[in-house]
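Welcome, and thanks for taking a look at this one with us. Please keep the viewer open as you read through the short report below.

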Amino acid sequence: MRDIAVFSGSAHPELAAEICAQLGAALNPVRIQRFANDCLEVQLQANCREHDVFLIQPIVPPVQEHLVELFLMLDAARGASAARITVVMPHYAYARSDKKDAPRISIGGRLMADLLVAAGANRVLAMTLHSPQVHGFFSVPVDQLHALRELAAHFQGRDLSNTIVVSPDLGNAKPASAFARMLGVPVAAGAKQRFADDKVTITAIIGEVAGRDIIVLDDEIAKGSTLIELMDRLRERDARSIRIACTHGLFADDALRRLGDQPDVEEIVCTNTVPLADGTGHPKLTVLSVAPLLAEAIRRIHNGESVSALFHDA
């Protein structure tokens, strides 16, 4: 068995350290230097030759900065004769650019996948990609994890007899249905139309939500515009209470405060796939760790074991 070597970029070193603690492996140092002309240079400060190398870097703001860091880490590992290089990418920001929905528009999710492979990635470990087709953008093996079990475990043990899971749109209905099955509750979905990054309309809710306790499940919360619109529709239909659950809590533009200050929102739950911005926090926010899940997936990849077996009953 080849030796393992784990490195982290600057995007989320706290998560990387927690993963390595769970894995029982050292988090090796990385030197990132910026030249006077604003170019970056990366040095992996541990031996990579014939090692199984894992590079941990969620793609979070500043997105372009962290992408270039990752490209340079990949190039450094390839140049150091790593046996295999796996990108551990808990959040893939460009996954939202997954289709050509306007003339002459770029498909950034596919382009960034091509660039990661060109830079040296042999494998990718990701979590909750925005849509199913993003998985197919990569020409190397991709293991996609999801945090449904972690989120479901947070709600289990409560009285859920009056609860229904609501997906903000039909595109997220499949994971919402899986989440509802874990909780043993019904599921509903919104019919959403997006006009701009921060302008959406939900014209209908498919399912009975009147008098129910709602758990809204989404993959990512950025500005929170979709959830604000959804909550307006839920109130019109006399929902009793609202809880929000998501994997990637980006909470841009004061989204956490705007959501948390809604009087009928009782709780907001996310995972630590992305770091909370400085000063971001709210009494209603709970952050769950996915480090044990990522560490177990890394261990299985390193040992040549099944990763999909982690979700065989999901």
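## A pair of packed helices

Helix α5 crosses helix α6 in a right-handed sense. Bear in mind that this is a predicted model. On the α5 side, the contact is formed by Leu 148, Arg 149, Leu 151, Ala 152 and Phe 155. These meet Pro 175, Ala 178, Phe 179, Met 182 and Leu 183 of α6. By residue class, the contact of α5 with α6 holds nine nonpolar residues, one charged residue and no polar ones.

How are two packed helices described? The angle between their axes and the distance between the axes are used. Here, α5 spans residues 148-155 and α6 spans residues 173-183. The two pack at an angle of about 40°, and their axes lie 10 Å apart. Because of that angle, α5 is oblique to α6.

Now for a look at a single residue. Glu 220 sits in strand β12, which covers residues 213-221. Is Glu 220 buried or exposed? Its relative accessibility is 13%, so Glu 220 counts as buried, the cut-off for buried being under 20%.

The side chain of Glu 220 has a polar contact of 3.1 Å with the side chain of His 91. Another polar contact, of 3.2 Å, links the side chains of Glu 220 and Arg 96. With neighbours within four places in sequence left aside, the residues in contact with Glu 220 are His 91, Arg 96, Cys 246, His 248 and Leu 250.

Notes: Residues are numbered from 1 along each chain as its sequence is written. This is a predicted model: local features need pLDDT of at least 70, side-chain atom pairs count only at pLDDT 80 or more; totals for chains, interfaces and linings use all residues. Side-chain values use heavy atoms; hydrogens and water are left out. Axes are lines fitted to C-alpha atoms, for helices over the stretch in contact, and angles run from 0 to 180 degrees between N-to-C directions. Helices (H or I, at least four residues) and strands (E, at least two) are DSSP runs, numbered from the N terminus. Angles under 35 degrees count as roughly parallel, over 145 as roughly antiparallel, 65 to 115 as roughly perpendicular and the rest as oblique. A crossing is left-handed if the near helix is turned anticlockwise from the far one by less than a right angle, and right-handed if clockwise. Contact means heavy atoms within 4.5 Å. Ala, Val, Leu, Ile, Met, Phe, Trp, Tyr, Cys and Pro count as nonpolar, Asp, Glu, Lys and Arg as charged, and the others, Gly among them, as polar. Buried means under 20% relative accessible area, exposed over 50%, partly exposed in between (1.4 Å probe, protein chains only). A polar contact is a pair of N or O atoms within 3.5 Å; within protein, one must be able to donate a hydrogen and the other to accept it, and residues adjacent in sequence count only if both atoms are side-chain atoms.
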